[in-house]
Amino acid sequence: MRSLTRRVSKGLVLAVLGLLAWGCGSGSGGGGSGGGDRDATYRAYAQNFGDLLMKDDFAGAYELCSSHLKRKMTLEQFTALHRQARTDYGKAAKASPSINFTDPKLLKDQRGWPEGAQRQARVFVNFHKDANDDSPGGDYSLGLNIVSEDGKDLVGAMDYGIH
């Protein structure tokens, strides 16, 4: 439980920083600055990941994780993490995506990435408890650090945060 509290605290800091960056973005996709195509690609990626979690398809979401993340977390641990987030933050009625950065050059100095990973994007799955809520950050979010591995975009690291 202490580890989860520590991750939640770190996630909150990262989520706040992400929202600040999102709010200060260039206008191309809510803070991304890698161009419209990358923004659309990674927004769709975050939406797909969120949809899998919303459907309790934890195995499907886990398949979108890099070898870095899978070395740190089994499917059972991955599932437990997401179920615990629901317990802590509340069951969501919908998920929506948002972009932090989709330009790999802007990710080079950020923390929380696997050692040696080819950084692609930092995106968020925003969870809304109210299905009619269209607020940018939802009630809580899951930050996803997307890396390229064997020619595929995969989740290299992730963290939950509240708003």
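Predicted model: local features only at pLDDT ≥ 70, side-chain atom pairs only at ≥ 80, totals over all residues.
Strands β1, residues 94–101, and β2, residues 118–128, run antiparallel and are joined by 7 bridges. Two of the pairings can be picked out by residue. Pro97 has Val125 of β2 as its bridge partner. Ala95 stands opposite Phe127, again in β2.

Now the sheet as a whole. It is an open sheet of 4 strands, in the order β1-β2-β3-β4, and the pairing is antiparallel. The edges are taken by β1 and β4, the latter covering 152–162; each has a single partner strand, so one side of each is left without a neighbour in the sheet. On average, neighbouring strands are turned by 25° against each other, direction ignored.

What about β1, then: is an edge strand like this enclosed or open to the outside? Of its 8 residues, 7 are buried, so β1 is largely enclosed by the rest of the structure. To put the two points side by side: β1 lacks a sheet neighbour on one side, and yet 7 of its 8 residues count as buried, which here means under 20% relative accessible area.

Next, the helices against the sheet. Helix α5 lies across β3, residues 140–149, and β4, and runs at about 30° to β4. Leu69 has its place in α4, residues 67–72. Which residues does Leu69 touch, leaving aside those up to four places away in sequence? They are Val155, Gly156 and Met158. For Leu69 and Gly156, the separation is 87 residues in sequence and 5.5 Å in space, C-alpha to C-alpha. Leu69 is buried, with a relative accessible area of 7%.

How many cavities of 30 Å³ or more does a search of the whole structure find? The search finds 1. The volume of the largest cavity is about 80 Å³. Its lining is made up of Leu53, Met54, Phe58, His82, Ala85, Arg86, Ala92, Phe127, Tyr140 and Tyr160. The elements giving two or more residues to that lining are α2, residues 36–54, and α5, residues 75–89. Helix α5 gives the most, with 3 residues. By type, the lining divides into 8 nonpolar residues, 1 polar and 1 charged.

Last, two backbone points. Most residues other than glycine have a negative phi. Which residues depart from that here? One is Asp56, with a positive phi of about 60° although it is not a glycine. Asp56 is found in the loop between α2 and α3, the latter being residues 58–62. Another is Asp150, also not a glycine, with a positive phi of about 55°. Asp150 is in the loop between β3 and β4.

Are these two aspartates exposed or only partly exposed? Asp56 is partly exposed, at a relative accessible area of 40%. Asp150 is exposed, and its relative accessible area is 72%. The line between the two classes is drawn at 50%, so Asp56 at 40% falls below it and Asp150 at 72% lies above it.

Notes. Residues numbered from 1 in each chain as written. Heavy atoms only, no water. 1 Å grid on protein atoms, 1.4 Å probe; cavity = no way out; pocket = protein on both sides within 12 Å on 5 of 7 lines; lining within 4 Å. Points joined across faces, edges and corners; volume = space filled by probe spheres on them. Nonpolar A, V, L, I, M, F, W, Y, C, P; charged D, E, K, R; others polar. Buried < 20%, exposed > 50% of the residue type's maximum accessible area, 1.4 Å probe, protein only. Pairing = 2+ DSSP bridges. Axes fitted to C-alpha atoms, helices over the stretch in contact; angles between N-to-C directions. Contact = heavy atoms within 4.5 Å.
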